[in-house]
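Dear colleague,

I am handing over the structure below, and would be glad if you looked through it alongside the notes that come after it.

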Amino acid sequence: MEELETLVTFFDSFCPPSLAFPEDPTGIHISGSGKPIGKVLAALELNPAVFQKTLALDAGFLFLHHPPLWEPLNRLSRKDLWTNMLCELYHRGVCVLAHHTNLDCQKPGMSEQWMEGLALAGPSSPLLPRTAAPEYTVVTFTPPGALDKIRDGAFKAGGGTIGRYRECSFSTPGTGTYTPQSGALPYRGNVGQRETIPEVRLEIHVDSSRLARVVTALHNAHPYENPVIDVYPLPPATPSLTGLGRLIHLTEAIDSETLFNRAQELFSHQCRLDAPYGEIPAVLRKIALCPGSGSSLLPAVLDSDPQIYLTGDLSHHQVEKLRLNGIFSLQVPHGPGERYAFRKIFHRIREQACREQLKAELVFEDEC
């Protein structure tokens, strides 16, 4: 059994919520009972089959790619299957966590799984770059004997994560002074008398999505009546290669038929290839792709001028626009395409969980 906070922090550190786009409801959708978790079920999305597997597995944690609550609920109805599933999960105390555009944006993320599966090698960059959310350094001062409790509290709240590293902190010894005033309840010393005590300065890196939780955790764990907690904003990091979709410059060219056949084999023979009007290139060297629905990236695709665009959910008019601009469109069904990529990412998450010796069983939806 594993603590709920430990699991949430683990998944968030593997795929930082700060990479999600602002309008995306990434994060916890059902908070759960807070009890230790024995089994985690991962699935692309909540549906009746996944719901039944969650109950049969007695999973206390559901990890999804598609957020189940995209829009606010206006009413509850027993006739609504969707509402019934959400309410049942809530009453059973199942925690539901969704990682959506942050899973798409990170590198390696969903796009890299397609690139690997389709054997597309070469330099790549996001079609729609994502600048990470603000980050901070949180500083507090504590008696040496309370350092471990305070630091552990901040870590459990999600502080101390830098890239793929967790529980990062820095501490330096020093000397603190204070004079308690009337009505104070000092940690040590007497009202009206200056106290000089050894202290440790603790510094922890925190992203904006966890800042409030970490500050609260520091207050709760601190032995001082009025702990000093300073928050310093960090300058913007150097732009990273994160974002939606990928534009790839192949090191080895490929023809469209070979790429189509690879996609058919990878995605259960459900793809469709539309050739451009006019002169058709014999080989492909510049490829754009976006797992899931890539219709919103069409302006970026046209600006980047690839020879082919692999994605799902394109309308007739969007396909025509690509063809008129001399670009192939290779449509991959939304569900099979994303489920393939999400499964591969989850296998890597499970390997990391084994390395970190998490005390919970992680299962993918097609394994039960």
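Predicted model: local features only at pLDDT ≥ 70, side-chain atom pairs only at ≥ 80, totals over all residues.

Residues are numbered from 1 along each chain as its sequence is written, and side-chain values use heavy atoms, with hydrogens and water left out.

Helix 2 (residues 48-57) and helix 3 (residues 81-91) pack with their axes 11 Å apart and at an angle of about 20°, which makes helix 2 roughly parallel to helix 3 (angles under 35 degrees count as roughly parallel). Helices here are DSSP runs of H or I of at least four residues, numbered from the N terminus, and axes are lines fitted to C-alpha atoms over the stretch in contact, with angles running from 0 to 180 degrees between N-to-C directions. To the contact (heavy atoms within 4.5 Å), helix 2 brings P48, F51 and T54, and helix 3 brings L81, M85, E88 and L89.

As for the cysteines, a search of the whole structure finds zero disulfides, a disulfide being a pair of cysteine sulfur atoms within 2.5 Å. C15 is in no disulfide, and its nearest cysteine sulfur, that of C105, is 8.7 Å away; with 1% relative accessibility, C15 counts as buried (under 20% relative accessible area, with a 1.4 Å probe and protein chains only). C290 is likewise in no disulfide, the nearest cysteine sulfur, again that of C105, being 9.3 Å away, and at 6% relative accessibility C290 counts as buried.

Terms used: Helix = DSSP H or I, 4+ residues; strand = E, 2+ residues; numbered from the N terminus. Parallel < 35°, antiparallel > 145°, perpendicular 65-115°, else oblique. Buried < 20%, exposed > 50% of the residue type's maximum accessible area, 1.4 Å probe, protein only.
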